[in-house]
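Keep the structure open beside you as you read.

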Amino acid sequence: MNNLQVLGKFLDQPILVAKFQKAVPAVLAGTTAAYTAYNTHKAPKEEKINTALKTGITLGIASASAVLAPKIASAITKRELPPSLNTLKENGKNIVDEFIASNNIYKKTKKILNKSKDKILNPKEVKTVFENLSDKKSGQEFLEKLIPSPQNITAKDIFSEIGYLSVLGAVPVAGGITGGIIADKVTDDSNWEEKIPNKIKEGSYQYLANIFMCNVGAGAALGILEHEGITSKAARAIGMTAGIITTGILGGSKIANFIGKNIIDPVCNKVFNKKENNKKYDDILILRDCKKHNYNKKNKEFKERTPEILDIGLHTDDIATVSLLSGLKWIEPALPIMYTVSGYRAGIGYRN
């Protein structure tokens, strides 16, 4: 086995994936605490308490939503959740004990296999096991049970998987918006109602441009490739990446801005301007945000929300999506962490 194959098998260990999944809540909790402390530290003295509350509540609810997102997405899309760590250990023990009992195995290899029942093998141990057991059919069958090979998703299952991923991304965004509204109310922000439209618009942008349309682009490209009989992993990865760029980064931004301007703005204008003596919602936005980079003084209107450096960075999750659709299950636990960033940006109404 070459080093890349060894790395792939190392990352594909079911116990490693399960432990990563189990660690996600702690990772998000730690990140929330650290970023809240950082944001509070750099805030002016008179704003420190409100900053701590707003950051902590918004990011905390977005993070909590991200932790719950896999269960919610699985329930909605009828997709089975990955087996628990205890279940994997029990299954692994049975598989290893059965194989050892019916085969003559080198002492060193047997020791590694016994370790694999409840612990993660290091790359060197993975290489040793595969090199010593893959020369026979029984060994190959056992190794496939111990560390299953990635299975490319088929066109038949594309939309089911995309549906799951899209719900998985929607939950943290919705959580972030909810957290942002609660944070504004808790800190006695007199303009909290006026800030809701920005949260909704940024949430729609994050979801459409950075999550949903990218999934659709990857799925559409995957369907075309399979229709043409292309099964190469490299070709699939390149094709799905092209679909993400075309449909998500370029098309998603336009769609999100269109919805924000033609649907969200009119609705919000009606909801938040019930009294005739109130200033128009757009005028309030202009007075509050005219110094921001996205306000055009000459035309007296906000420029469209366009992809920024962090938005492009958020498309790291699309690399994860491509990998997941290519059968690399170890990527899946990382998605809620990435989607939390979109949820937080929606919660603070980043666009303005």
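A network of salt bridges links Lys54, Asp184 and Lys199; a salt bridge here is a side-chain nitrogen of Lys or Arg within 4 Å of a carboxyl oxygen of Asp or Glu. Side chains of opposite charge can pair when their charged atoms come close. In total, the structure holds six salt bridges. Please keep in mind that this is a predicted model, in which local features need pLDDT of at least 70 and side-chain atom pairs count only at pLDDT 80 or more, while totals for chains, interfaces and linings use all residues. Residues are numbered from 1 along each chain as its sequence is written, and side-chain values use heavy atoms, with hydrogens and water left out.

The protein's secondary structure comes to 14 helices and two strands; helices (H or I, at least four residues) and strands (E, at least two) are DSSP runs, numbered from the N terminus. Of the 352 residues in the protein, 43% are buried, where buried means under 20% relative accessible area, exposed means over 50%, and partly exposed lies in between (1.4 Å probe, protein chains only). Among contacts with a separation of 6 or more, 75% are between residues 24 or more positions apart, a contact being heavy atoms within 4.5 Å.

Now look at helix H4, where Lys93 has its place. Which residue forms a salt bridge with Lys93? The partner is Asp97, and the closest N and O atoms of the pair are 3.1 Å apart.

Asp118 has a salt bridge of its own, formed with Lys119, and here the closest N and O atoms are 3.7 Å apart. Lys119 counts as partly exposed at 45% relative accessibility, and Asp118 counts as partly exposed at 32%.

Another pair to find is Lys115 and Glu125, whose salt bridge has its closest N and O atoms 2.9 Å apart. Lys115 lies in helix H5 (residues 107–115) and Glu125 in helix H6 (residues 123–133), so this pair ties together parts that are ten residues apart in sequence. Is each partner buried or exposed, or something in between? Lys115 is partly exposed, with a relative accessible area of 26%, whereas Glu125 is buried, at 16%.

Next comes the packing of the helices. H4 packs against H5 at an angle of about 160°, with the axes 9 Å apart; axes are lines fitted to C-alpha atoms, for helices over the stretch in contact, and angles run from 0 to 180 degrees between N-to-C directions. That makes the two helices roughly antiparallel (angles under 35 degrees count as roughly parallel, over 145 as roughly antiparallel, 65 to 115 as roughly perpendicular and the rest as oblique). H4 passes H5 in a left-handed crossing, meaning that the near helix is turned anticlockwise from the far one by less than a right angle; clockwise would be right-handed. On the H4 side you will find Val96, Phe99 and Ile100, which meet Lys110, Leu113 and Asn114 of H5. The residues of this contact divide into four nonpolar, one polar and one charged, with Ala, Val, Leu, Ile, Met, Phe, Trp, Tyr, Cys and Pro counted as nonpolar, Asp, Glu, Lys and Arg as charged, and the others, Gly among them, as polar.

H4 also packs against helix H7 (residues 137–146), the axes coming within 10 Å and crossing at roughly 165°. H4 and H7 are therefore roughly antiparallel to each other, and H4 passes H7 in a left-handed crossing. Ile95, Val96 and Phe99 of H4 make this contact with Ser138, Gly139, Phe142, Lys145 and Leu146 of H7. By class, the contact of H4 with H7 has five nonpolar, two polar and one charged residues.
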